[in-house]
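Subject: Structure handover

Hello,

Please look it over first; my notes follow below.

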Amino acid sequence: MTNFSTFKDLLSYCQEHHVSIGEAALEYEVARGERSEADILLGARKILEQMRATIESGLYSDEPSMSGLSGGFSKKVMAFSESPQSFMSSLEHRMIAYALATLEENSRMRKIVACPTAGGSGVVPGVLIALTDEKQIPMPTLEKALLAAGMVGGIVSQRMHLSGAAAGCQAEVGVATGMSAAAIVEALGGTPQQALDAVAIALKNMMGLVCDPVAGLVEVPCVKRNAVAGIHASAAATIALAGIPSFIPLDEIIDAMVSVGQMMPPQLKESAEGGLAKTPTAVSFTERLYGEQPD
Amino acid sequence: MSSSGSLFNIMGPIMIGPSSSHTAGAVRLALLARNIANQPIRKVQFILYNSFAKTYRGHGTDRGLLAGILGYSVEDNAIRDMFKNAEQTDLEYQFIPYDQPNPFPPNTVKFEITLANGDFLTVIGHSIGGGQVYVSRINEYSVALKGEYPTLVMFYHDQPGMIWQVTKIIAEEQINIASLNCTRKAKGTEAFMAICLDSLLPEPQVKAIREITEVYTVYNVDKIPL
C-alpha cells in the first residue's frame, strides 16, 4: 500500500520493505498506474536537466530582472567564492549561487521548475545540483533524491495548499527546505528515519514564515531567501545524519504548520499588504514601479 | 496533491516564472476556460480577486491569463512578451481588479468571455498553488473541474436512465471512464453529471448526448497539460 497520507505511513513502508524514501516514492508513482517506472525516472531526469539548464543560463548572467530588483547576484557569489575573504566551502558557495541563479532566471520570466512552487524553486536545485557537482552523485541516486523530495512535498500538500496565498512562505520556501533536506539525506545514503528527521528539523525552523513580497514580485525577499534556505536544509540534514532525531514527530509538525497558516492574517499571505511589502522602502519602490499604488 | 496525485505536480511543472500560483496557475486556468469555451473567443474580461487583484502585474498573472486564452503552454518562452503577441490577434481583453470583500479563495479569476458567435460565457476558477487549479463555476452552474482528464460536464432534468443513455454513447466509442460524479438538487429537478474520460469524446457523440431529451447543457472540456 503506497498511498501514503502521513509520514508515519511512509516510514513504516520504507522500514518494512527495506527501501529508501526515494524508492518508495518511485513505487508510489508507479502504483498510480499512469506511467511506467522507466518513464517516471526519465521524467525525473528531465526535471534535473531543466534545473541544471536554468542554473547554467542564470549563473553568470548580468541581466536585470523585469523590475530591476535582482540580477547578477549568482555571478557575484561565484566570484566571491574565489576571494581570500570567503569562509564557506566550495559546496556551500555553489548551493547559494545555484539557488540565486534559479530565482534570478525566474524573475526574468525565464524557464524554471516549480519545486514545489516557483517562489521556492531555487532550494532543491541549489542543493542537489551543487551536491552533484562537488560530490559526484550518480544520476540514478540523484533521480531517487529528487523523487524523495517530491514525496515529502506530496504528503505535505495533502494537508495544506502549497501557496503563499494559502499559508504563507512556510508553504513555499519552507516546504522546499524540508524537501531539500530529505533529498540531501537520500543522496548521501542516510536512512529513511534520518531523511524524515531532517525534514522535521528543517520545517520546525521554517514554521510561521510569512509571504510579504515587495511590490508583489517574487524577488524581495524570495531570491535571497531561497539561497539561505539551501544552507538551512544542509544544516538540518547534517543534524539528522549525525543521528540526532526530531523531538516532535513530523506529522505533528505538519499539523502545527497548517494551524499556523490558518492563524496567519491575510496581509501576510502573498497580498503585499504587510511585512516587508509595507516598509517605507518597499512602498516607495512600488510607487515608482507602477506609477501608483497597486491597490 | 490529492492522496493519489502525481509527484510531478510537486516537482514541476517546468514553467515560465515568476510564480507557480500567479503565472503558471493563471496560464492553466485560462487554458481550462478556453477548453470550456471550445470555440473562438472574441473578448475576455478578467475579473481578479484577492491576491490576484493585489499582485497580478508583478507576478505576470496578466500575461499568463492572456497566454492561456491564446492557447500557449506554461513553459512557452513567449509568455514574457504576451502583450505584444496579443496585439497580433483580434482578441479584445481587459483586466479588472475587484477590491471589495468577497467569498472567494485567495487566487481567483472570473472570465467573462464573449465568443466569436456572440454567445456569452462566465467561468470562475482558482489557483491553489504549484500551478494546480480548479474551476468552480460555469455560467450559473457549480462544478469542480481540474483539467486533469478530458471531462464531459452536463446538466439535465433528473430522470431515470440518464446515466445509462450517456455512458452507452461513450462505451460505443470505446472510451474508458476514469470517474463519474453525479448529483441533483432534488428528485425530479436539475441534475449534474461530470464524467472524466481517458480521451476526449468526439464531437458527433457530444452532439448525440446534447440531443437526449431533457439535457440542458453539455460542455466537452479537454484536459490541460501539466
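**The sheet in chain B**

In chain B, 4 strands make an open sheet, ordered 9-10-8-11, with antiparallel pairing. Two strands count as paired if DSSP finds at least two bridges between them. Strands here are DSSP runs (E, at least two residues) and helices likewise (H or I, at least four residues), numbered from the N terminus. Strand 9 (177–184) and strand 11 (215–221) of chain B are the edges, each pairing on one side only. From one strand to the next, the twist averages 10°.

This is a predicted model: local features need pLDDT of at least 70, side-chain atom pairs count only at pLDDT 80 or more, and totals for chains, interfaces and linings use all residues. Residues are numbered from 1 along each chain as its sequence is written, chains are lettered from A and ligands numbered from 1 in the order in which they are written, and side-chain values use heavy atoms, leaving out hydrogens and water.

Strand 8 (residues 151–157) of chain B pairs with strand 11 of chain B over 6 bridges, in the antiparallel sense. B:F155 stands opposite B:T217 in strand 11 of chain B. Helix 5 (residues 162–172) of chain B lies across strand 8, strand 9, strand 10 (190–197) and strand 11 of chain B. Its angle to strand 10 of chain B is about 25°. Axes are lines fitted to C-alpha atoms, for helices over the stretch in contact; angles run from 0 to 180 degrees between N-to-C directions.

**The interface of chains A and B**

Contact (heavy atoms within 4.5 Å) links 56 residues of chain A with 40 residues of chain B. The buried area is about 3,800 Å², with 59% from carbon and sulfur atoms. That is the accessible area (1.4 Å probe) that two parts lose on being put together, summed over both. A:M109, A:K111 and A:E270 supply 17% of the area that chain A buries against chain B, more than any other three residues.

There are 3 salt bridges between chain A and chain B. The rule is a side-chain nitrogen of Lys or Arg within 4 Å of a carboxyl oxygen of Asp or Glu. One of them joins B:R80 to A:E63, with the closest N and O atoms 3.2 Å apart.

The two chains also share strand pairing. Strand 1 of chain A and strand 1 (residues 14–16) of chain B run antiparallel, joined by 3 bridges. A:I112 stands opposite B:M15 in strand 1 of chain B.

Best wishes
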